[in-house]
Every structure is written in C-alpha cells, then in structure tokens.
Amino acid sequence: MNSTATVRKRRKQLSSYAVVLLALSLVGTLYTAFGAPEGQAQDAPANQSMAVKEGRELYLTGCSTCHGLNLEGGSGGPSLIGVGASSVVFQMESGRMPLAAGTQQAPRKPVKYEISEIDQIAAYIQANGGGPELPSADNADLADGDLQLGGALFRTNCASCHNFAGSGGALTYGKYAPELKSASARVIYAAMQSGPESMPRYGDNQLTPEEKRAITRYVRYLTQEADNPGGAGLGRYGPISEGLVAWVVGITALVGLTLWIGARA
Amino acid sequence: MSVVQKGADGLGRGIDDRLGSSNFVRRSLNKVFPDHWSFMLGEIALYSFIILLLTGTYLALFYTPSLSEVVYDGSYIPLKGVTMSEAYASTLHISFDVRGGLIMRQIHHWAALLFVASIAVHLMRVFFTGAFRKPREINWVIGVGLLVMAILEGFAGYSLPDDLLSGTGARIASGIMLSIPVVGSWAAFLLLGGEYPGTELLDRLYIAHVFIVPLAILGLITVHMMMIWYQKHTQFPGPGRTEHNVVGSRLYPVYAAKAGGFFFLVFGVLALLGGLAQINPVWLYGPYDASQVSAGSQPDWYIGFLDGSTRLMPNWEFYLGGYTLSLNVLLPTVVMPGLIFTAMALYPWIEAHFITKDKRAHNLLDRPRDVPTRTAIGVASLTFYIVLLIGGGNDVIASIFNISINQISWVLRILCIVGPPIAFVITKRICLSLQKSDEHLLHHGIESGTIRRLPTGEFVEETVPLPAQYRLNLTRVAGDHEAIEGGHGDPGYDLEAVGHAEAPRSKGFFRPKGVSRVDPEQAERTEVGALEPSGKPGSPPQ
Ligand code: HEM
C-alpha cells in the first residue's frame, strides 16, 4: 500500500473523529453549564472530558497501531472495548504497554508515560465501553487496608502463583507470575481487577474493595516496608536458594578450611 | 613441686590405682591419626551435629509442640491478632521476642543443611578412595544408617514450626505413606492418630526430633568412632606407609589441636551464615492452612531428590478392584529411595563380589583413577542424583531463567535415563587416560625445560626422573616403599585385581613380581607418629 495514501486516509479518519469529539465535548460543556448540580462536581466532567480528549490523542499516537483506531483491536493486539481503566493502569504503569513486539508474555518494562498521561488514556478507554475502574487514583488510598487480613488473603489467593514473599513463580509452558517488588499500589489493585494473562480476575464479589485494599497494603508492606530480620533474603525463593547457599557458600568454605588445616602439619 | 601439683598428682595416682586407666589414657593420647585433609571431612559432620545439639537445646526451651489454637500477640505486626497453632506462635516468639532466638534458629537450620551436606561429602571421600572395603564394610553400613537418620531428623525438624511450608511438607509425607499398598493407610492412621492432619503428628515428630533420632544418631556416631579407633584409620600409600602401619600425627597434642581448632572454624562458618543469611523466614509463610499453598514450596535440599523424582515421574495410577495404586507417588518416593539406600549399604559386598573380585582387606586407600569402574559408578550415581535434585527445583529454575517448566521436565526425564551411562563412560575414559599419563611420567620423568641437541642434529628435551616420593604416590606399590624405607611391608595390592578389566598394559611395572603377600587382617597395624621421622615402620609406638 502506498504510504502517502495511508497517511491521507488516516488523516481523513482523524478529522472525522475530531468532529464527533468536538460535538461530544460541546454537548458536555452545555450539560455542565446548564444541567449539572452545583459545587465541586461541576467541573469534574469537564476535566473528565478534557482527560478523555487528551487520552485519545495519546492513544492514537502510542497504541492505535496495534489496538486499532477505535479500540476495536487488530492483528497486533486485542480489542480494548470494555477492558476498563484498571486494565490500562495495570498494563501501562507496569510498563507492559506499549508492547515491545515478539514476547510470549508482555514483560515489565520501564514506564514511558507520565502517570497523568496514563490516567488520560485510561479515561479515554473507560469512556468507550466501560469496565472495571480503580476506586481511587491515589496510591496511599488504595493501600489503606487491614494488614493482617491482607496477609491471610494474600496467602490464600495470591501466594500459590506469586510465592509467599511475592518473589514470583513459574507457571506452565513458559508463563510466569512475576515478582511483586516493583508494583505500585495502583498496579496491584488494578491487577486484581483486570486479571492479566493467566492471573484470575477478582471481581468485587470475590474480593470486596475493602479486601483488595487489605491485600494491596500487605503486598506493599511485604515488598517495601517490612524490615525482615535475619540477614540477606537470598531472593526469597524458599528452600531452593537456601540449599544452594549451603553448598556453594557453606560447603565450599568448610572444605576450603579443611584443605587449609590439612596443609599445616 | 607445688602443693597443687602434688595434690593433682596424688589424685591422678589415686584414680589410676583403682581403675588402671593411665595406661589406657597414655595409649589413647599417643594414638596416631594419618594426615590428609580429606580425612577431616567426617569431622565437619561431627561438629555440625554438636552445634545442632547445642542450638537445638536452646530452641527446645521456648518451643511448644502443640496444635491448640491461640491468638498471636507478639511483636510481628502483620500477624498480630491472627489465630494460629501454639507451635507456630512459639516459633514466632523465638524469632522475634526471645533474646538470641532468631540467630539460634538460623544457626540451627544452617547447621542442619550443612550436617547432611558434609555427610554427603564425607561419604564421597570414603567411596571414591575405597575406604569402605574389608574390614570397614560395617562402618560403611553404619554410615548409611547415619545418612538416613540425618535426613529423617531434618525432615522432622522442618515440620515443627507448623508454618505454611512445614504443614505442606507434612501433608505430602502423609500422602506418601498413603501410597504404600495395604499397610499405607494403617501406618498413616497410626502415625497421625487419625485422618490427616490428625492430632498426634506434631507430638510424635517432636519426640522423634528431640529425642529418638538424635539419640540414634549419637549411638551410631559412637559406634562409628569406636570402629575407627579399633580398626585404625586408612591412609594413602606413601613413603613408609604400608598395610600394617599408620603414619601420621599423634592424637595429643597435634591432632587434638587441629581438631579443636577445626571445631571453632566450623562453628564460625555456621555462625556467620546464621547471622548474615536468612533461612526459613517462618513469619512470611504464615500459619499452616490446608487451603493455602505457596509457589516454591520446597523441602530442604536433602529431600529435594525425592521431590524431583516425583515431579519427573509420569502420572501412573491404577485402579484395582476398588483400590488405587498410586505408582506415581509410590515408585519415586518409596521404592526408589528404598532401592538406592539398600544398594548403597550393600555396595562394599557388591563391589568385592562382582566388580573387583577383590575380597581381601585393605588399609591403604585407592586413588580414584586407579579403580575406574568404581569411580565411574560413583560419578554415574551422582549424575542421577543431581538430575533429580534439579528436578525438585524445576519451577524456581524456570522462573529465574525464564524457561518453560515443561521443557525442563522433559529434558530432565531424558537426562536421568541417559545421563548416568554417559557419565559412566566418560569417567572411565578419563580415569584410564590419567593412568596413562601417570605411566608416562614414571617411564619418562618430568620435562625439565632443558633442550639438548643430539649429535645427529635432533633436538630433545631432557627429562628428570620423578622424585621418589611422587613416584610412590603414582605407583602405590608397597614393594617400592620397602626399597626406599627399608621396611618390611607387603604389597597388599594387586592392581590387576583392583582395576580389574582396566589394568594398565605394562603389568610388570605396576605389579612387582615375587613379593610375598601378608593378609593385613592378620597383622596388627603399628602406629608411626610423623613427629618421629626415624620411626621405622614396624617399631612400636613409644
Ligand atoms: C552423622 C554422620 C557422620 C559422622 C559424624 C561421621 C564421622 C566420621 C569421622 C569423624 C570419621 C573419621 C574421619 C574421616 O575419615 O573422615 C569417619 C570415618 C568413616 N566414615 Fe563416617 N561419619 C558420618 C557418616 C558416614 C556415612 C554416611 C558414611 C558412608 C555411608 C560413613 C562411612 C565412614 C567410613 C567407612 C569411615 C572410615 C574411613 C577410613 O577409615 O578411611 N560415615 N566418619
């Protein structure tokens, strides 16, 4: 296909979208001007629509090649209609999206977008098809739960894949549950809401928002705050790394000392 | 002479008059122990065991072996207010609220890992040098008993904290028992005092861990040591060393000083590990709950080979008239270790009857290369074992190296079948070529680096004959020792018989002809202290 033709076509598409968007935002402005209740909420939708608009821009430049100009998906990626804002937060804030081509399971990468930009794209995708959404954009709020309850729930629901200390683990056929060390409260909460890859999705009737906050609190505590006494954690892979250290460090040292003592008659 | 000295003297004489013990003490202190670093490997196990006893006693002061439920109220915040067993709560208490509790726990656990590891290293030394041969087969069998006991002891200890990990382990163990046909469910019922988890398991594991198994180990170690005492330690062939003497340091002061220092070195390594490296952070695992399991739930390394064999085993299960025969569990966790440990215990006789056909007694050790078949069997067995061990960690390996767990399992399945034979062949080759190069050294000497030009114009490198002492190490033939030391030893070695099929071609060289053989069993071995270099083999110790 001729590339100028493509560009032209895309531009044409873009302008038609812009018209629709303009109309929409006009309606929105009119609505806020006349119909909305007073007070704080008054400018929220305006912000919201601003966010949606900016989000759309960002989406079109960064994501549409794979997910389609209308979120409908394509050969490069699945449809994003109905995945919800939390899925976007999860995928983008953990650096998984935009995808680097050719991996079996999108790995964590350094994040290329500002949090505000992520929220804008999320707002745009949320506005088109809905879906689960974070109850708050604030990390501290999302991690405001009961630590002990969170620990118990984490061991019941998450440790089987992510390991008791959040160090991650292997699943079948090269898939893996990643370590949780770098996940922000938003990513943790959004992961539960969106259930990426082989991770189950935990709807609000499986784990109430209160329970999700508790788990989020516990995971953050485990990976960031906990002062774990007893020395180096050895990766917290359980007895495997301990056995390895016993042989590689312990036995090597002891046999070395044996050689040393043996050499002095 | 001071009053104190006089008093001590009087006391000593008083005891001696009644017990006649000074003779025994003098003889004991003068006992000679051969010097070779590898003979100290068994001591690492011994010292780890002593450290296990000391730290374990401290832990037992604070641990409560009870499954009754309590609400935790200690200083580990994330578990405050959580309902758990008293056993788990007391382990948390030791870790967070008992002075020195955590480091004791950690040293204890590291010592347990290193106890079994050092037993394994010691066992390899004994195996590859042929120290298990007549007359030491019984001590070898006792050694196998010690290994099994050490593994059991470790398993019982691992199950005591009643955290998520140990509970998972105990549960798997009960599953293994259930897989044994006919008696399995009865045995499990008896041990658990009912259906899993039962009420009795923890009590029984506790008694086993702090009393029965340590006592058995202590008893076996005592017999093990007494046998070494009476049979005397083996030694490598060398100048003045024959089948009938022991050349080395006297127990007192040299050997005692070495051994005493060594104890503190072992203790130092264990204390460093316990202080610097976290082991089994029970507080992260949480209390045991049958509905939970963590990724990476693994046994300690010495059980890992059973975990591996189970993971690599195809999923065979049969139903016979209402009964389930779980071969997928039974074969890898009951039948296989049973066969392995039996074969290991019987190995001295297996070798003497089928491999070397050498049924004589030996006090001089073999170098691994000189008995290629044994060495190859050892390396092949190790290969099998290591493949199983890796299999036990397949999920962690998959997650660290980002490879598919299914691919790893298939590769390991193939490796555990073809790996050992390959290892066998390669090892044997290496042994034989090492023998050849020894032979070359003996015949041609060492290259001196001096180039000489022959009258014909040809350049040759001059060689120097090996110094006598090295030559002895290579030939290991007692006949040569006599030539140098003027002693009266005997060869006791028949390389053809020992090396069996692989004996080097130049037999005449390796086997001096016409030397009479004395059965080492018949002759009392004399002890020669290295402190008296003039001590002729055969002269009695002072
Ligand atoms: C609790 C575990 C064990 C302890 C504390 C222990 C300790 C010792 C010590 C201190 C020695 C003398 C020094 C040496 O040769 O290294 C020794 C010798 C020996 N051990 Fe062990 N050992 C243990 C397990 C085993 C095992 C598992 C085996 C083999 C299956 C074994 C077989 C032998 C034999 C045959 C000797 C005599 C070696 C010779 O005279 O050359 N032992 N043991």
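Let's start just past helix 9 of chain A, where A:Gly195 takes a positive phi of about 55 degrees. Before I go on, some housekeeping: this is a predicted model, where local features need pLDDT of at least 70, side-chain atom pairs count only at pLDDT 80 or more, and totals for chains, interfaces and linings use all residues. Residues are numbered from 1 along each chain as its sequence is written, chains are lettered from A and ligands numbered from 1 in the order in which they are written, and side-chain values use heavy atoms, with hydrogens and water left out.

Helices here are DSSP runs of H or I with at least four residues, strands are E runs of at least two, and both are numbered from the N terminus.

Next, some backbone details. Most residues other than glycine have a negative phi, and most peptide bonds are trans. A:Leu71, not a glycine, has a positive phi of about 65 degrees; A:Leu71 sits in the loop between helix 3 and helix 4 of chain A and is buried, at 1% relative accessible area. Over in chain B, B:Lys232 also has a positive phi, about 65 degrees, in the loop between helix 9 and strand 4. Is B:Lys232 buried or exposed? Buried, at 9% relative accessibility.

There are cis peptide bonds to look at too. One runs from A:Met97 to A:Pro98, with omega near -5 degrees, and A:Pro98 is in the loop between helix 4 and helix 5 of chain A. Another joins B:Lys134 and B:Pro135, with omega about 10 degrees.

Finally, a helix pair in chain B. Helix 3 (residues 41–60) and helix 9 (residues 201–231) of chain B pack at about 155 degrees, with axes 12 Å apart; axes are lines fitted to C-alpha atoms over the stretch in contact, and angles run from 0 to 180 degrees between N-to-C directions. That makes helix 3 of chain B roughly antiparallel to helix 9 of chain B, a label for angles over 145 degrees. The contact residues include B:Phe49 and B:Leu53 from helix 3 and B:Ile217 and B:Ile221 from helix 9 of chain B.

Conventions: Angles under 35 degrees count as roughly parallel, over 145 as roughly antiparallel, 65 to 115 as roughly perpendicular and the rest as oblique. Contact means heavy atoms within 4.5 Å. Buried means under 20% relative accessible area, exposed over 50%, partly exposed in between (1.4 Å probe, protein chains only).
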